[in-house]
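Open the model in your viewer with the sequence panel beside it. The stops below are given as selections, each followed by what is found there.

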Amino acid sequence: MTTAMQKKTTPDNPSKVQDAIALLRADHKLVSTLFAEYEKARSTSKKKMLVSQICTELSVHAQVEEEIFYPAVKKALKDKELIPEAIVEHATLKELIGQIEGIEPDGEMFDAKIKVLSEYVKHHVKEEQNEIFPQAKSTELDMVALGTRITARKEELQKESR
């Protein structure tokens, strides 16, 4: 239920605005690809670069969900279960990120932490895509407006992380 006004974007980049769910799904796909690359990587420098990117992507993604997407969906659904659970899962992800961010990939324990992080992210993504996103779509929320806010906030956070 998008009006012409909601579809209108800036003239210099007409295709940039996406709905919130499309943006979040794209993040999920990117991180999944990065984890797959990590599994194939052999050099310490490649692993370190991938882990840095994974940590940044996950941190930015979690923050925009917690600041923008989750509050809107929680309110629209009058949810007392899905969103609180997702926030708890984010806390665990942040804890794992804290254990690996900025540390040299130093063997099997480091690889094990990345594996656990990957599996945890897969679980979280599956719940979001199978439960939260379909329910969010069924609300009256303007997903394009949310997408615009998410895009702007992600740009701010990515600049800060450089």
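Start with Lys-78, in the loop that runs between helix 3 and helix 4 (82–100). Keep in mind throughout that this is a predicted model. Lys-78 is exposed, because its relative accessibility is 68%. Check its backbone: phi is positive, about 50 degrees, although the residue is not a glycine. Most residues other than glycine have a negative phi.

**Helix 2 against helix 3**

Select residues 20–40, which make up helix 2, together with helix 3. Helix 3 covers residues 44–77. Two packed helices are described by the angle between their axes and the distance between the axes. Here the axes come within 10 Å and cross at roughly 160 degrees. Angles over 145 degrees count as roughly antiparallel, and helix 2 and helix 3 are therefore roughly antiparallel to each other. The crossing of helix 2 past helix 3 is left-handed. Now show side chains at the contact. From helix 2, colour the contributing residues, among them Leu-24, Asp-27, Val-31, Leu-34 and Phe-35; from helix 3, include Lys-47, Leu-50, Ile-54, Leu-58 and Phe-69. Sorted by type, the residues of this contact are 14 nonpolar, 3 polar and 6 charged.

**Ala-62**

Stay on helix 3 and select Ala-62. Is Ala-62 buried or exposed? Its relative accessibility is 7%, so Ala-62 counts as buried. Beyond its neighbours within four places in sequence, Ala-62 is in contact with His-90 and Lys-94.

**Salt bridges**

The model has 10 salt bridges in total. Side chains of opposite charge can pair when their charged atoms come close.

Select Asp-27 and Lys-154. Their side chains meet in a salt bridge, with 2.5 Å from N to O. Asp-27 belongs to helix 2 and Lys-154 to helix 6 (residues 143–160), so the pair ties together parts that are 127 residues apart in sequence. Both partners are on the buried side of the 20% cut-off: Asp-27 has a relative accessibility of 8%, and Lys-154 has 12%.

Next take Lys-47 and Asp-111. The closest N and O atoms of this salt bridge are 3.1 Å apart. Lys-47 is in helix 3 and Asp-111 in helix 5 (residues 108–137), so the pair links distant parts of the chain, 64 residues apart. Lys-47 is buried, with a relative accessible area of 13%, whereas Asp-111 is partly exposed at 29%.

Finish along helix 5 with Glu-119 and Lys-122. How far apart are the closest N and O atoms of this salt bridge? They are 3.5 Å apart. The two residues are 3 positions apart in helix 5, which means that about one helical turn separates them. Glu-119 is partly exposed, with a relative accessible area of 37%, and Lys-122 is also partly exposed, at 45%. Then extend the selection to Glu-39 and Lys-115: with Glu-119 and Lys-122, these residues are linked in a network of salt bridges.

Terms used: Residues are numbered from 1 along each chain as its sequence is written. This is a predicted model: local features need pLDDT of at least 70, side-chain atom pairs count only at pLDDT 80 or more; totals for chains, interfaces and linings use all residues. Side-chain values use heavy atoms; hydrogens and water are left out. Helices (H or I, at least four residues) and strands (E, at least two) are DSSP runs, numbered from the N terminus. Buried means under 20% relative accessible area, exposed over 50%, partly exposed in between (1.4 Å probe, protein chains only). Contact means heavy atoms within 4.5 Å. Axes are lines fitted to C-alpha atoms, for helices over the stretch in contact, and angles run from 0 to 180 degrees between N-to-C directions. Angles under 35 degrees count as roughly parallel, over 145 as roughly antiparallel, 65 to 115 as roughly perpendicular and the rest as oblique. A crossing is left-handed if the near helix is turned anticlockwise from the far one by less than a right angle, and right-handed if clockwise. Ala, Val, Leu, Ile, Met, Phe, Trp, Tyr, Cys and Pro count as nonpolar, Asp, Glu, Lys and Arg as charged, and the others, Gly among them, as polar. A salt bridge is a side-chain nitrogen of Lys or Arg within 4 Å of a carboxyl oxygen of Asp or Glu.
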